[in-house]
Structure formats: structure tokens, C-alpha cells
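The following exercises concern a single protein chain.

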Amino acid sequence: MAADRRGKAETLALRRGLLSDSCRLFYPEDPIKIVRGQGQYLYDEQGAEYLDCVNNVAHVGHCHPLVVQAAHEQNQVLNTNSRYLHDNIVDYAQRLSETLPEKLCVFYFLNSGGNSSSKKGAW
């Protein structure tokens, strides 16, 4: 999979035509085109390195070998959402509940923290 298949201007034009305005970009006047991540860093199409303090990866980083291996192994078995009954989600919830106070015993798993800002141009 080629990370940098097209130039920044072409990617931006396609995004503006295909994605909703509610999917806001950081630095909309001159957005950064990120093409890969490694550890705690992101890299743009020119190779510039950025410390990633935003993308919910601060605890393990991008492309952490153990996380990549675990995802690879799980994808070989099943890759679906939590709307189907499967042991992995309850096993994980059970292990997690054992580390938390009893009041925190019901879980809702999501794939991202996301951007909850509703102000246009907040970024």
C-alpha cells in the first residue's frame, strides 16, 4: 500500500469534494499531509517529522510491534464490530473491570476519542 499516492493539492481537492465539511482538518489554511507514523512521530510527504500529541497513540505509539502483531493475529481470526456476540469483547471487559472500582463495571468500546468540537473552524 503506497502511503503517498498523490500530491498534497490533489488529496486536498479530493477531500473537499468527497468528505463532509464536518470532518475538519487541522491547520485548514495549509493542512499537513501525513503519510506515515512510527513510534511517537508522524511524517509528512516531504519527510518532516512531527511529535504526535493528538492521535490517541501516546500510550503505545504508531506501529508498535506488539500492537501490530496482536492486530495481525486477530485479523486472521475475525475483524468485525461489537454488535456480534464474540468472546474477545467480554474477555477484555472482564479483565478491564478487575482493574477498576466496582462502580465502573459497564463498558462501551469505541475506536477513537474523536474531535467533539462543534465550532466551525475550531482547528
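**Exercise 1. Determine how many helices and strands the chain has, and give their order.**

Solution. The model is a predicted one. Step one is to count the elements: there are three helices and three strands. Step two is to read along the sequence, which gives the pattern α-β-β-β-α-α.

**Exercise 2. Describe how strands E1 and E2 are joined.**

Solution. Begin with the direction: E1 and E2, the latter covering residues 41-44, run antiparallel and are joined by four bridges. Next, locate a pair of partners: Gln38 is bridged to Tyr41 in E2. Finally, examine the turn: the two strands form a hairpin with two residues between them. Gly39, in this turn, has a positive phi of about 60 degrees.

**Exercise 3. Classify Ile32 and Lys33 as buried, partly exposed or exposed.**

Solution. First, find the positions. Ile32 is in the loop between helix H1 (8-18) and strand E1 (34-38), and Lys33 lies in the loop between H1 and E1. Second, apply the cut-offs: buried means under 20% relative accessible area, and exposed means over 50%. Ile32, at 33%, is therefore partly exposed, whereas Lys33, at 12%, is buried.

Third, consider the surroundings. Ile32 belongs to a nonpolar surface patch together with Phe26, Tyr27, Ile34 and Val54. The accessible area of this patch is about 450 Å². The side chain of Lys33 makes a polar contact of 3.1 Å with the side chain of Thr11. A polar atom of the Lys33 side chain also lies 2.4 Å from the backbone oxygen of Arg6.

**Exercise 4. State how many salt bridges the structure holds, and characterise the partners.**

Solution. The structure holds two salt bridges. One of them pairs Glu10 with Arg6, whose closest N and O atoms are 3.8 Å apart. Glu10 is partly exposed at 45% relative accessibility, and Arg6 is partly exposed at 27%.

Asp30 also forms a salt bridge, with Lys8, and here the closest N and O atoms are 2.8 Å apart. Asp30 lies in the loop between H1 and E1 while Lys8 lies in helix H1, so this pair ties together parts that are 22 residues apart in sequence. Asp30 is exposed, with a relative accessible area of 51%, and Lys8 is partly exposed at 27%.

**Exercise 5. Find what share of the chain is buried.**

Solution. The chain has 123 residues, and buried residues make up 11% of them. As a further step, consider the surface: the accessible surface comes to about 10500 Å², with 54% belonging to carbon and sulfur atoms.

Key:
Residues numbered from 1 in each chain as written. Predicted model: local features only at pLDDT ≥ 70, side-chain atom pairs only at ≥ 80, totals over all residues. Heavy atoms only, no water. Buried < 20%, exposed > 50% of the residue type's maximum accessible area, 1.4 Å probe, protein only. Areas by Shrake-Rupley, 256 points an atom, 1.4 Å probe, with all protein chains shown as cover. Patch = residues over 30% accessible without salt bridge, like charges linked within 9 Å, V, L, I, M, F, W, Y side chains within 5 Å. Salt bridge = Lys/Arg side-chain N within 4 Å of Asp/Glu carboxyl O. Polar contact = N/O pair within 3.5 Å; in protein donor to acceptor, adjacent residues only side chain to side chain. Pairing = 2+ DSSP bridges.
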